[in-house]
Amino acid sequence: MAFELPDLPYAHDALEPNIDKETMMIHHGKHHAGYTKKLNAAIEGTDLEGKSIEQIIENLDLNNAAVRNNGGGYYNHSLFWQVMSPNGGGEPTGAIADAINDAFGSYDAFKEKFSAAAKTRFGSGWAWLCVHNGGKVEVCSTPNQDNPLMPGVGCGGTPILGLDVWEHAYYLKYQNKRPDYVSAFFNLINWDEVNKRYAANK
C-alpha cells in the first residue's frame with residue numbers, strides 16, 4: 001500500500017490568526033503532498049514497500065537520502081497537523097503536565113526550553129518534545145526533515161509534539177520573525193492529542 005496524504009483535521013483557515021490559510025494550503029497541499037509522492041517513489045520495488053512509516057524510519061539507513069528526507073517529511077508533517085487545533089493552547093493537564101513538571105520544573109520552563117530549541121535551530125528543521133521508555137520527556141531539535149525516531153538522531157525517544165521551523169511553515173505571515181511564529185504555536189497546541197501520544201509511547 002502506497003502512503004497517502006492525510007487529510008487535515010480542520011479547515012485550512014481554522015488556525016488563523018496564528019497560521020494563515022494560504023500557508024496551510026501550500027504547506028499541506030504542496031509540501032506534504034510532495035514528500036508523500038517522493039517517499040512512495042523512493043520505496044517502490046524495495047523491501048521497504050508495505051512497511052509502516054515508523055518501521056521505515058526506526059530502521060533507516062541514514063545514507064538513503066531520498067527515504068530519509070521524504071520519509072521524515074511525511075512522518076513529521078503527519079504529526080504536526082494532529083498536535084495543533086483551533087481549540088488548542090493553554091497549559092497541559094493530566095499525565096503530560098506531570099511529566100513536563102518532572103522534567104523541566106514548570107510549564108513555563110518547558111515553554112522556554114522548547115522555544116529556544118525552535119528559535120536556535122540554524123536553517124531548516126524541527127523542535128520536538130519526545131517521550132522515552134518509562135515516561136521521561138525531553139526537548140531537542142533536528143535539522144531538515146530528520147526526527148528522533150531515526151537511529152542516533154536528536155534526543156531519541158518518540159516525538160509527541162513537533163514544531164516545523166522550515167521557512168515554508170511561516171514565511172508568508174511572519175517573514176523573518178521566527179520567534180513570533182514560535183510564540184503563536186503555543187496558542188494552537190492540542191494537549192489532548194499530546195497526552196494520547198504520551199500515554200501510547202511511554
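This is a predicted model: local features need pLDDT of at least 70, side-chain atom pairs count only at pLDDT 80 or more; totals for chains, interfaces and linings use all residues.

Is the link of Cys 140 and Cys 155 left-handed or right-handed?

Modeller: The link of Cys 140 and Cys 155 is left-handed, with an angle of -55° about the S-S bond. In general, a disulfide is a covalent bond between the sulfur atoms of two cysteines. Your structure holds one disulfide, and in it the sulfurs of Cys 140 and Cys 155 are 2.5 Å apart.

Now find the two ends. Cys 140 belongs to strand β2 (residues 137-143), while Cys 155 belongs to the loop between β2 and β3 (158-164), so the bond ties together parts that are 15 residues apart in sequence. Both ends are tucked away: Cys 140 has a relative accessible area of 11%, so it counts as buried, and Cys 155 is buried too, at 13%.

There is another cysteine to look for here. The sulfur of Cys 130 has its closest cysteine sulfur in Cys 155, but the 3.6 Å between them is too far for a bond. Cys 130 is also buried, with a relative accessible area of 0%.

If you stay in that loop between β2 and β3, you will come to Asn 144. Asn 144 is not a glycine, yet it has a positive phi of about 55°. At 39% relative accessibility, Asn 144 is partly exposed. You will find Gln 175 in the loop between α6 (171-174) and α7 (178-185), and it is partly exposed at 34% relative accessibility. One more backbone detail to look up is the cis peptide bond between Glu 16 and Pro 17, where omega is about 5°. Pro 17 sits in the segment before α1.

Next, let us turn to the aromatic rings. Searching the whole structure gives 16 aromatic pairs. Take Phe 104 and Phe 110: their ring centres are 5.6 Å apart and their planes meet at 50°, so this pair is tilted. Phe 110 also pairs with Phe 114, again in a tilted way, with 5.7 Å from centre to centre and 45° between the planes. Phe 110 and Phe 114 are both in helix α5 (residues 107-119), four residues apart, or about one turn of the helix. Phe 104 is buried, and Phe 110 and Phe 114 each have a relative accessible area of 0%.

Over the ring of Phe 186 sits the charged end of Lys 111, 5.2 Å from the ring centre. Elsewhere, Lys 173 lies over the face of Tyr 174, at 5.7 Å from that ring's centre.

Setting aside neighbours within four places in sequence, Leu 163 is in contact with residues including Phe 80, Phe 114, Trp 126, Tyr 181 and Phe 185.

Helix α1 (residues 21-43) holds Thr 23, which is buried with a relative accessible area of 2%. Beyond its neighbours within four places in sequence, Thr 23 is in contact with His 168, Ala 169 and Leu 172. Gly 34 is in helix α1 too, but it is partly exposed, at 24% relative accessibility. Gly 34 and Arg 197 are 163 residues apart along the chain, and their C-alpha atoms are separated by 26 Å.

Key. Residues are numbered from 1 along each chain as its sequence is written. Side-chain values use heavy atoms; hydrogens and water are left out. Rings of Phe, Tyr and Trp (its six-membered ring) pair if their centres lie within 6.5 Å; planes under 30 degrees apart count as stacked, over 60 as edge-to-face and the rest as tilted. Buried means under 20% relative accessible area, exposed over 50%, partly exposed in between (1.4 Å probe, protein chains only). Helices (H or I, at least four residues) and strands (E, at least two) are DSSP runs, numbered from the N terminus. A charge sits over a ring if NZ of Lys or CZ of Arg is within 6 Å of the ring centre and within 35 degrees of the ring normal. A disulfide is a pair of cysteine sulfur atoms within 2.5 Å. Contact means heavy atoms within 4.5 Å.
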